Amino acid sequence: MSQDAITSLLKETRRFEPPAEFSRRARVGAQATYEALYRESIEQPDAFWRRETSDLVFRTPWTTISDWSLPHAKWFLGATLNVTESCLDRHLTTATKNKAAIIWEGEHGATRTLTYAQLHRETLLLADALKRLGIEKGDRVAIYMGMVPEVAVAMLACARLGAVHTVVFGGFAADALRDRIHDSQAKLVITQDGAYRRGQVVPLKATVDKALAQPEAKSATRVVVYQHLGKERCEVQMTEGRDVFWHDLLAGAAPACEPTVVDAEHPLFILYTSGSTGKPKGVLHTTAGYLVGAHVTTKYVFDLRDDDVYWCTADVGWVTGHSYIVYGPLSNGATCLMYEGAPNFPDWGRFWRLIEKHGVTILYTAPTAIRAFMRQGDEWPAKSDLSSLRLLGSVGEPINPEAWIWYHRTIGGGRCPIVDTWWQTETGSIMMTTLPGASFSKPGSTGLPMFGVVPEVVTKDGKPVAAGEGGLLVLKQAWPSMLRTVWGDDDRFRKQYFSDVEGCYFTGDGARRDEDGYFWVVGRIDDVLNVAGHRIGTAEIESALVSHPSVAEAAAVGRPDDLKGQALVVFVSLRPGVKAGPELQAKLAEHVAKEIGKFARPDAIRFADALPKTRSGKIMRRLLKDVAAGRELTGDTSTLEDLTVMAKLRQQEEE
């Protein structure tokens, strides 16, 4: 990245100190305390991790803290455990037993609460039932469900047996589900009749039937169906000898299933991430290291207290849901809100009413959602009492400084620290952030490394760059929750993550580190454009555009250009009441030139009612590149939430 491009991000100089009252009560209340803990985690890892995991349940303690034979890592060697004992059993001997583990609300307002005792009972019933179906240690089980408490029960029941779950997001189509069943060779699928999404029924069981009708999915010989909607709203076809209803299966089960004790490196789950080639990668996480990473980061990053009501808005089908709805919060005895529906159903005030109704104290959501809420204006959150909130979080992609400020001011009332977190499916847990009671925040910066994490910004040949200069973001040593391989394809694992920079895990992101040691992730390295010799990160272009009062969201991509190499094309969604047209295009182009430099002036600005996003809320810039270049869509589109968005963009292109 050019120095001109880097300078644009260095203009962000605002700092937000933790409120004194927050720091006074925080787990880590001072920067010096964070720094001492961080040094210990790097220099004395055995002592650090033994203390920080003393509240987890290990049947056998580890004898060796770690072994990294590049690129493969092992952690907590010699230890044995079952994660459900840390997430469930250990709470039954304390007051947490009768505390709410999951508070669930459906899209139409129905609510349910499961205490830790009830969640434990439901998990053991299902585990015993799955054992009776022949599920054993090491077997793979596909889970294709919506956001209901039973999806967590299904995950925990698999873990109870030592089975390896692979959760497939409930918005995936039949072919995507088939591919994941085939790649993992799952023996069984756990699903539900249907789910609600914006008032419509999503027929999950019918999708499973389509997937299993294909020969590639023949490994799955049994299907368990949870009846969420009931036959009046979502009738399902049951295949005799293959399919069984959840309630019928549990009728013959007992809530007494002893945990299968496994080795620290025993596989816990496979989670598939979509690749640009269309073939998903099965990221493999193992038991002890993943649990430790999720547990410790949840405790410190969210500064958990016994009376918190914690809401992570992600779907359990993504890694954020795994780590920060299920394993991290439950291992800490937290109360989690789980919401089934869309953020804007029946209107844009739904999230804020949920916070008021349930007394949510911690909100963890995505920049895409924050920008969408910004676009609707301040009046929606103003209708609800958000005073219960004490901490806000951001996850999924870099957050624009203007979106950060809106989140802080409008949702947090200026009193709530924001933890902007950087991590990946592959890292398993949060890798960088600012601990909310210890460190000041900078809007747009992902902050400082978490315990045991050694990031660096380097050149292609692995040399560290100076403060303020851009480069490749790498991780220089192993950490507990890192992926162990790509399921069934270790060569891909080596090539994808360890072939670009010798001796390091390459994150795929471009970044810089400022004079305070704070990291700024500027986006995927694929999203760094080379325009007439200037290397420009898409994140900074988008931040400049979103800082304009007319713009709600923006996505920047490159298209081939004979003269410049790449031409800069931006897609822009406007705030309500703003009129699109040539005059505004000129103003926005000038605004970018002023904010970053004339070299960054867009070659084309296209207005769009909405931008194409995955069901987890990330903008699919890869598809926008295809539109900008005038070519057919390439790669995997199964994660696209709304296909009509692309159709409209195509139509605009033709016009």
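**Figure 1. Threonine 286 in strand 15.** In this predicted model, threonine 286 belongs to strand 15, which covers residues 281–286; strands (E, at least two residues) and helices (H or I, at least four) are DSSP runs, numbered from the N terminus. With a relative accessibility of 3%, threonine 286 counts as buried, where buried means under 20% relative accessible area, exposed means over 50%, and partly exposed lies in between, using a 1.4 Å probe and protein chains only. Apart from neighbours within four places in sequence, threonine 286 is in contact with Ala264, Glu265, His266, Pro267, Leu268 and Arg484, and contact here means heavy atoms within 4.5 Å. Threonine 485 stands 199 residues away from threonine 286 along the chain, yet the C-alpha atoms of the two are separated by 9.9 Å.

Figure 2. Proline 346 is found in the loop between strand 17 (335–339) and helix 13 (350–358).

Figure 3. Which part of the structure holds phenylalanine 76? Phenylalanine 76 is found in strand 2, and its phi is near 55°, a positive value in a residue other than glycine. Because its relative accessibility is 0%, phenylalanine 76 counts as buried. Aspartate 303 is likewise not a glycine and has a positive phi, of about 50°, but its place is the loop between helix 11 (287–301) and strand 16 (309–312). Aspartate 303 counts as buried because its relative accessibility is 3%.

**Figure 4. Helix 13 and the glycine that follows.** The buried residues in helix 13 include Arg350, Phe351, Trp352, Leu354, Ile355 and His358. An α-helix has 3.6 residues a turn, so residues three or four places apart point the same way. After helix 13 comes glycine 359, which has a positive phi, near 65°.

**Figure 5. The whole protein as the setting for the close-ups.** The protein contains 21 helices and 32 strands. Its radius of gyration, taken over C-alpha atoms, is 24 Å, close to the 26 Å that the globule rule gives for 655 residues, so the protein is as compact as a globular protein of that length; the rule is 2.2 Å times the number of residues to the power 0.38. Along the principal axes, the C-alpha atoms fill a box of roughly 70 × 55 × 50 Å, and 63% of the 655 residues count as buried. Of the contacts with a separation of 6 or more, 71% are between residues 24 or more positions apart. The protein is divided into domain 1 (113–260) and domain 2 (532–652), with bounds from an automatic or database domain assignment, and the C-alpha centres of these domains lie 39 Å apart.

**Notes on the views.** Residues are numbered from 1 along each chain as its sequence is written, and side-chain values use heavy atoms, with hydrogens and water left out. As the model is predicted, local features need pLDDT of at least 70 and side-chain atom pairs count only at pLDDT 80 or more, whereas totals for chains, interfaces and linings use all residues.
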